[in-house]
Amino acid sequence: MRRSLPILLSGALAVGIAFMPIGSVTAGNRPLLVEPAPGKGPAGQAAQLVAEMTTSEQAASIVMGHIPTTDARALSAYMTDDSLGGFILMGANVPSTEDGLRGITDALKSDPALPPLIAIDQEGGYVSRLPWDDFPASSTLKDRSVVDTSTAFAARGALVARGGANVNFGIVADTTADRSSFIFGRSLGADPKGAAERVGAAVAAEEQFVASTLKHFPGHGAAPGDSHQLIPSTELTFEQWRQADALPFVAGIDAGASLLMFGHLAYTSVDPAPASLSSRWHEIAREDLGFDGVMVTDDLGMLLSTGLKEYADPVTNAVTAVAAGNDLVLMIVHSTPETAAQLTAGITAAVDAGTLPAERLQEAAERVMTLRLELAASSAVWATCPACDPAS
C-alpha cells in the first residue's frame, strides 16, 4: 500500500530537505493537475485510445528510445517523428543543473497533455545520473534502518520528479551476500528478508513522486556473472527461488511498484531462456506474484553484447520480448537514432505476419498507455518547500 504524503515529508525533513507539490493531492497521493474523463478511469481511456491506433502506432507506443544528446530540438524531433511511448535519460542527456534537466525533459514531451514515460536509472551511489543526488544509497542503506531507506527514496523520488522524469528505474530488488557479485554494491540487502524490507520501503516512498521500478527480475543474486557481458545462469529451482530471491520482488509488488524490469539471466530449471525473453517468468510475475503493472525489458542491447548468435538481431529480440509478455521494450547499447523506428517496424511486421498476436501488442500498449495517463493526471512540479525548516 502507498504511504501518506505527510509521512514522506517527515522522512525528507529528517535528512534536511523537504518538498511540496504545486497542485492538489488525489488518490494514490500524487498531486492532480489533469482531471480524468467523467466515469472513465485511466484503463478505460487507455483502451479507447489504443483501439483508435494503427498497428504501427501501437508498436511505437511500447518502445522506449534513447539518443545521447542534450540538444532540445533533436530530442523533440526524435520523439515527435517516431511517436515513441518512452525515452530513457542516460548520462549523456543530463546537463550539470536541475534547471537544465527540466529543459531536456520538457523537450521530450511532444504532447504535454499525454507525456511519454521519461525514465532514468537513479539508484543513487554506484548508478547515479543526477550529480546533485547526495542522499544515501544501497552501499550504506543495506546496513542501516528501514526508515533510512524510506527517507532516502522519498527524497530521491522527489529529485527525479523535479527534473521532469516520471519513471525511476531505481530500485534494485536483487539480493546477494557475495561481495564479488557486480550487483552486491547496488543491492538493498545481503539477505532476502532484509532486502525485502528495504525494497518495500523504497517503493512505498518513491511511488508518491514517480512510477517506481523493481529490477532485475527474477534476481541476479543467485546467478553469477554480469549480464552486461553474458547471460548469467543458475540451476536453482523455482521453490528455492520462491523462498529466497523472490522475497524482495514480492515486497516491492505488494508495496505498489508500477513497473517490473526483467533481467537477462536464466534460471535453467525454470526456463533455459533469459527471463527477459521467457514467457514462463512473465507468467510467474503475473499469476504467482500478482503483478499487474508494466513489464519492461532491461536494455536489449546487452543481449547483443553477449556475442551469442541467437541474440544478434535486435528486432528479433524485441519481438520475442513482447511475445513473452513485456509491455515495454528498451534498447540503449548498440542503438542508433534509427533503432527505435526499426524496432517499431519489426514489431508491426510481426503482427502483420501473425508471428506476434495482435492481442498481445494491444494488451502491452494499453498497459503503457494506462501508466502514461495516470502520470499525466498526477504530474506536478516539485519544489523545495519554502515554509519548511530542515530538522536539526
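## Aromatic pairs and cluster

Rings of Phe, Tyr and Trp (its six-membered ring) pair if their centres lie within 6.5 Å; planes under 30 degrees apart count as stacked, over 60 as edge-to-face and the rest as tilted. In this predicted model, local features need pLDDT of at least 70 and side-chain atom pairs count only at pLDDT 80 or more, while totals for chains, interfaces and linings use all residues. Residues are numbered from 1 along each chain as its sequence is written, and side-chain values use heavy atoms, with hydrogens and water left out.

A search of the whole structure gives 8 aromatic pairs. In one of them, Phe-217 and Phe-249, the ring centres are 5.2 Å apart and the planes stand at 90°, so the pair is edge-to-face. Phe-217 belongs to strand E8 (residues 211–217) and Phe-249 to helix H10 (residues 246–254), so the pair links distant parts of the chain, 32 residues apart. Helices (H or I, at least four residues) and strands (E, at least two) are DSSP runs, numbered from the N terminus. Phe-217 is buried, with a relative accessible area of 0%, and Phe-249 is also buried at 0%. Here buried means under 20% relative accessible area, exposed over 50%, and partly exposed in between (1.4 Å probe, protein chains only).

Trp-241 and Trp-281 form another edge-to-face pair, at 4.9 Å centre to centre with 75° between the planes. Trp-241 lies in helix H9 (residues 238–243) and Trp-281 in helix H11 (residues 279–288), so this pair ties together parts that are 40 residues apart in sequence. Trp-241 has 0% relative accessibility and counts as buried; Trp-281 is buried at 0% as well. One aromatic cluster is formed by Phe-217, Phe-238, Trp-241, Phe-249, Phe-262, Tyr-267 and Trp-281.

## Salt bridges

A salt bridge is a side-chain nitrogen of Lys or Arg within 4 Å of a carboxyl oxygen of Asp or Glu. The whole structure holds 16 salt bridges. One of them joins Glu-98 and Arg-162, with the closest N and O atoms 2.8 Å apart. Glu-98 is in helix H5 (residues 98–108) and Arg-162 in helix H7 (residues 146–162); the pair links distant parts of the chain, 64 residues apart. Both ends are buried, Glu-98 with a relative accessible area of 12% and Arg-162 at 13% relative accessibility.

Glu-123 and Arg-186 meet in a salt bridge of 2.7 Å, N to O. Glu-123 is in the loop between strand E6 (117–120) and helix H6 (138–141), whereas Arg-186 is in the loop between strand E7 (167–172) and helix H8 (192–206), 63 residues apart. Both residues are buried. The side chains of Asp-133 and Arg-156 also form a salt bridge (2.6 Å, N to O). Asp-133 lies in the loop between E6 and H6 and Arg-156 in helix H7, so the pair ties together parts that are 23 residues apart in sequence. Asp-133 is buried at 9% relative accessibility, and Arg-156 is buried at 0%. Salt bridges that share partners join Asp-121, Glu-123, Arg-129, Arg-186 and Lys-215 into one network.

## Charges over rings

A charge sits over a ring if NZ of Lys or CZ of Arg is within 6 Å of the ring centre and within 35 degrees of the ring normal. The charged end of Arg-156 is placed over the ring of Phe-153, 5.1 Å from its centre. Lys-142 lies over the face of Phe-184, at 4.7 Å from the ring centre.

## Packing of H7 and H8

H7 and H8 pack at an angle of about 35°, and their axes are 8 Å apart. Axes are lines fitted to C-alpha atoms, for helices over the stretch in contact, and angles run from 0 to 180 degrees between N-to-C directions. On the H7 side the contact (heavy atoms within 4.5 Å) is made by Val-146, Thr-149, Ser-150, Phe-153, Ala-154 and Gly-157. On the H8 side it is made by Glu-197, Arg-198, Ala-201, Ala-202, Ala-205 and Glu-206.

## Ala-365

Ala-365 is found in helix H15 (residues 358–376) and is buried at 1% relative accessibility. Not counting residues up to four places away in sequence, Ala-365 touches Val-50, Gln-58, Ser-61 and Ile-62. The C-alpha atoms of Ala-365 and Ala-46 are separated by 8.3 Å, although the two residues are 319 residues apart along the chain.
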